[in-house]
Amino acid sequence: MPIDRERNNAPRRLPALNDQARQHRAHPTVAEARLWQHLRDRRLGGFKFRRQHAIDRFIVDFCCVERRLIVELDGSVHAQQVERDRECTTVLEGFGYRVLRFRNDQVEDDIGGVIEAIRVILLAA
């Protein structure tokens, strides 16, 4: 029987993360809530985004599965977890995703610039 390479490279989803992701969706940060208003309901170029989506052992902030794009918002805690973020990005890129990272203050201070950066990547993919 031939090996289905796509299936073997598909990210597994840990069931325990689903509950944690649900909790994150119920209590978004200010930046997450603000960006979600622009991404939800296919508002950005007709692309569907999921929020607090479990992939492998990670929960990503926003994910457009169709374009294999992940958008992560990094608060101040991320300054202390640079290596973990690097590992997360490497694993997700191994599954074929492109990971965009923005700081929370970028979303709060320049939401238009963040949206435009995401739009450019979506249309280029």
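Among contacts in the chain between residues at least 6 apart in sequence, 61% join residues at least 24 apart. The model is predicted, and the description below moves from the chain as a whole to individual side chains. The chain contains six helices and four strands. Read from the N terminus, these elements follow the order α-α-α-β-β-β-α-β-α-α. Of the 125 residues, 38% count as buried. The accessible surface of the chain amounts to about 7,800 Å², and carbon and sulfur atoms account for 49% of this area.

One aromatic pair was found in a search of the whole structure. The pair consists of Trp-36 and Phe-62, whose ring centres lie 5.9 Å apart and whose planes meet at 15°, so the arrangement is stacked. Trp-36 belongs to helix 3 (residues 30-39) and Phe-62 to strand 2 (residues 58-64); the pair therefore ties together parts that are 26 residues apart in sequence. Both partners are buried: Trp-36 has a relative accessible area of 15%, and Phe-62 has a relative accessible area of 1%. A further aromatic residue, Tyr-97, has Arg-68 over its face, at 4.1 Å from the ring centre.

Gln-52 is located in strand 1 (residues 50-55). This residue counts as buried because its relative accessible area, 5%, falls under the 20% limit. The side chain of Gln-52 makes a polar contact of 3.3 Å with the side chain of Glu-32. When residues up to four places away in sequence are left aside, Gln-52 touches Ala-21, His-24, Arg-25, Glu-32, Ile-59, Val-60 and Asp-61.

The cysteines were examined for disulfides, and the count came to zero. For Cys-63, the closest cysteine sulfur is that of Cys-64, at 7.1 Å, which is too far for a bond, because a disulfide requires sulfur atoms within 2.5 Å. Cys-63 is buried, with a relative accessible area of 0%. Cys-88 is also buried, and its relative accessible area is 5%.

Key: Residues are numbered from 1 along each chain as its sequence is written. This is a predicted model: local features need pLDDT of at least 70, side-chain atom pairs count only at pLDDT 80 or more; totals for chains, interfaces and linings use all residues. Side-chain values use heavy atoms; hydrogens and water are left out. Helices (H or I, at least four residues) and strands (E, at least two) are DSSP runs, numbered from the N terminus. Buried means under 20% relative accessible area, exposed over 50%, partly exposed in between (1.4 Å probe, protein chains only). A polar contact is a pair of N or O atoms within 3.5 Å; within protein, one must be able to donate a hydrogen and the other to accept it, and residues adjacent in sequence count only if both atoms are side-chain atoms. Contact means heavy atoms within 4.5 Å. Accessible areas come from the Shrake-Rupley method with a 1.4 Å probe; for residues, only the protein chains shown count as cover. Rings of Phe, Tyr and Trp (its six-membered ring) pair if their centres lie within 6.5 Å; planes under 30 degrees apart count as stacked, over 60 as edge-to-face and the rest as tilted. A charge sits over a ring if NZ of Lys or CZ of Arg is within 6 Å of the ring centre and within 35 degrees of the ring normal.
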